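Colleague: Could you walk me through this model before I look at it on my own? I would like to begin with a pair of helices.

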Amino acid sequence: MRVYVPLTLPGLAEAHKTGELGSGPFVAYGVTPALREWYVSDDIEELEYAALGRAALASLRLLADDFGAERRRVVVAVDVADGAVTADPGRGLEPAALGEVTVTGAVPLAKAAAVHVDAGDAEEDVAAAVAALEAADGGDDDARFVVDGAEDHELLWYATQEIPNLVQRA
């Protein structure tokens, strides 16, 4: 199963240093039955793009907890064995949990398929989105609009060989 692991640039730097995305259990995002139901599509590419978007939102939340991190969302796409992933069916339809899975075992960074990172021109919108998260979660429509502004930026695709260049500043 392809999963999307939300990180920050310092988190990616740590994964690069240790050679591991996580030793498990950790949260990632994938094409779950609830995500399929919510997105109402059978196109796997569209569903994977939706899971990537959910992971990018989770990356925003990680940035909110890491004040020193460069304001760029980071998501690592990695294929893991189906048995290494579980979804909580009780939380499946909660908006915050759509596509959320738990990866139960260690995942070597070498298994990553790609890394997705915001371009530098997204930093201002990402910073504003991080600042607006709490209010957006509380139902503030203006804050939700600001958070959605970060989602307007497409994450750039990087090959795993480019990770050293991505993390040299982190």
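Modeller: Let us begin with helix H4 (residues 123–137) and helix H5 (residues 141–151), which in this predicted model pack at an angle of about 145°, with their axes 8 Å apart.

Colleague: Why give those two numbers?

Modeller: Two packed helices are described by the angle between their axes and the distance between the axes.

Colleague: And is the crossing of H4 and H5 left-handed or right-handed?

Modeller: The crossing of H4 and H5 is a left-handed one.

Colleague: Which residues of H4 meet which residues of H5?

Modeller: On the H4 side they are Asp125, Val126, Ala128, Ala129, Ala132, Leu133, Ala135 and Ala136, and from H5 they meet Ala143, Arg144, Val146, Val147, Gly149 and Ala150. Sorted by kind, the residues of this contact between H4 and H5 comprise eleven nonpolar, one polar and two charged.

Colleague: You listed Gly149, so how far is Gly53 from Gly149 in space?

Modeller: From C-alpha to C-alpha, Gly53 and Gly149 are 13 Å apart, while in sequence they are 96 residues apart. Gly53 belongs to helix H3 (residues 44–65), and with a relative accessible area of 34% Gly53 is partly exposed.

Colleague: New topic: which residues are buried in H1?

Modeller: In helix H1, which runs over residues 9–18, the buried ones are Leu9, Leu12, Ala13 and Ala15. They lie on the same side of H1, because the arc they cover around the axis is only 160°.

Colleague: What comes just after H1?

Modeller: Just after H1 there is Gly19, which takes a positive phi of about 80°.

Colleague: And on the strand side, where does Val76 lie?

Modeller: Val76 lies in strand E4, and at 0% relative accessibility Val76 counts as buried.

Colleague: Which residues is Val76 in contact with?

Modeller: Leaving aside neighbours within four places in sequence, Val76 is in contact with Val3, Tyr4, Val5, Leu7, Leu12, Leu21, Ala112, Ala114 and Val115.

Colleague: What about a loop residue, where is Thr32 found?

Modeller: Thr32 sits in the loop between strand E3 (26–30) and helix H2 (33–39), and Thr32 counts as buried at 6% relative accessibility. Not counting residues up to four places away in sequence, Thr32 touches Ala87, Gly99, Glu100 and Val101.

Colleague: Last one, the whole chain: how many helices and strands?

Modeller: The chain has six helices and nine strands. Its radius of gyration is 15 Å, close to the 15 Å that the globule rule gives for 170 residues, so the chain is as compact as a globular protein of that length. Of those 170 residues, 45% count as buried, and among the contacts with a separation of 6 or more, 77% are between residues 24 or more positions apart.

How values were computed: Residues are numbered from 1 along each chain as its sequence is written. This is a predicted model: local features need pLDDT of at least 70, side-chain atom pairs count only at pLDDT 80 or more; totals for chains, interfaces and linings use all residues. Side-chain values use heavy atoms; hydrogens and water are left out. Buried means under 20% relative accessible area, exposed over 50%, partly exposed in between (1.4 Å probe, protein chains only). Helices (H or I, at least four residues) and strands (E, at least two) are DSSP runs, numbered from the N terminus. The arc is that of the directions from the helix axis to the C-beta atoms. Axes are lines fitted to C-alpha atoms, for helices over the stretch in contact, and angles run from 0 to 180 degrees between N-to-C directions. A crossing is left-handed if the near helix is turned anticlockwise from the far one by less than a right angle, and right-handed if clockwise. Contact means heavy atoms within 4.5 Å. Ala, Val, Leu, Ile, Met, Phe, Trp, Tyr, Cys and Pro count as nonpolar, Asp, Glu, Lys and Arg as charged, and the others, Gly among them, as polar. The radius of gyration is taken over C-alpha atoms; the globule rule is 2.2 Å times the number of residues to the power 0.38.
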